[in-house]
Amino acid sequence: MKTLLLLALLVTFSLVANAKTPIGIVIHGGAGTISRDMMTAEQEQAYHAMLGHAVNQGYDVLARGGSSLDAVTAAVTILEDSPLFNAGKGAVYTFDEKHELDASIMYGLDRSAGAVAGVTNVKNPILLARAVMEKSVHVMLSGMGAEQFAQEQKLELVENSYFDTEFRYESLKRAKQALVSLPHQANATFDPAWKMGTVGAVAIDSNGNLAAATSTGGMTAKRYGRIGDAPVIGAGNFADNHSCAVSATGHGEFFIRYQVASEICARAKYQNKSAAKAAQEVLAELKSVGGDGGVIVVDKKGKLSWAFNTQGMYRAMKTEGGEMHSEIFAAKE
Ligand code: ASP
């Protein structure tokens, strides 16, 4: 009897010891006023195709045993290179008709992080954020200094006009018409239709390590070197193996003031609730104070989720043993 009990204990122990968290990745391509009547069937298809491609490439990194850091970097680089999203090529215009890009990345294992703000000539800001994390003693670099560092790191540099797209230029013209006065307050009412489209990814790898990456052109018609939440660790991006990893998109001024990404993970950690539930709560609270946007989340057990308080959010996920799926609108139609 005793031997049997011992055997059962041993089996249970080895099962628990070998119980690995599943690998998985979630990505987003921005949240906002996205409705079916605003898009043609071709546009919809193009978004699904690009989201699917990015999430699959990220997942492949994980499936080959690669790190979550490499997976989120791969997915975000693809989204930056696509003109469909407000990051890298396709970034929104500033009031002065230029592009200023923000990005950040964080690793849940040791909470190392890198961020860049207001860069104008780096093709893939997420690669620069990663270089800041891995090759500098700093966490956040901005403007000309960040660009000098990019040059030293031999990252690909481009003319600012590389980021141009007709579609975003039209948005700028509409935004300027709407900006009768120039709101620069966190509470100022912007028309959400022309301000969003950030990209991001969160992932968990086969070692159970979490990572998050976020990249954006910021908000249309932004002025005075405005920096959003995307490069602010804890606001638009966060990862900690003890709780969760989050990448956000939305009205950055609110995400900074409400520390959205780290708030979700803190609630999961200290209030003993799922990160998915914490995300729903935080996004609902944000809505009640006027903050529009959304988040993607992976928790320490590998559960993937998303939450948003807008009409839609470009998003896709793939987890171990599951099918890849992408969605755009709030309710699956
Ligand atoms: N969060 C970004 C910012 O405020 C914008 C976005 O997500 O679309 O810069």
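Two strands are taken to pair if DSSP finds at least two bridges between them, and strands (E, at least two residues) and helices (H or I, at least four) are DSSP runs numbered from the N terminus. The model shown is predicted, so that local features need pLDDT of at least 70 and side-chain atom pairs count only at pLDDT 80 or more, whereas totals for chains, interfaces and linings use all residues. Residues are numbered from 1 along each chain as its sequence is written, and side-chain values use heavy atoms, with hydrogens and water left out.

**View 1. The open sheet of four strands, E7-E8-E9-E10, has antiparallel pairing.** Strands E7 (237–239) and E10 (304–308) form the edges, each pairing on one side only. Strand E9 (residues 293–299) is joined to E10 by five bridges in the antiparallel sense, and Val-298 stands opposite Leu-304 in E10.

**View 2. Helix H4 (residues 125–135) packs with helix H5 (residues 143–152) at about 80°, their axes 10 Å apart.** Axes are lines fitted to C-alpha atoms, for helices over the stretch in contact, and angles run from 0 to 180 degrees between N-to-C directions. H4 is therefore roughly perpendicular to H5 (65 to 115 degrees). Leu-128, Ala-131, Val-132 and Lys-135 of H4 meet Ala-146, Phe-149 and Ala-150 of H5, contact meaning heavy atoms within 4.5 Å.

**View 3. Thr-94 sits in the loop between helix H3 (68–81) and strand E2 (101–107).** With 3% relative accessibility, Thr-94 counts as buried (under 20% relative accessible area, 1.4 Å probe, protein chains only). Leaving aside residues up to four places away in sequence, Thr-94 touches His-99, Glu-100, Leu-172, Ala-221 and Lys-222.

Terms used:
Parallel < 35°, antiparallel > 145°, perpendicular 65-115°, else oblique. Buried < 20%, exposed > 50% of the residue type's maximum accessible area, 1.4 Å probe, protein only.
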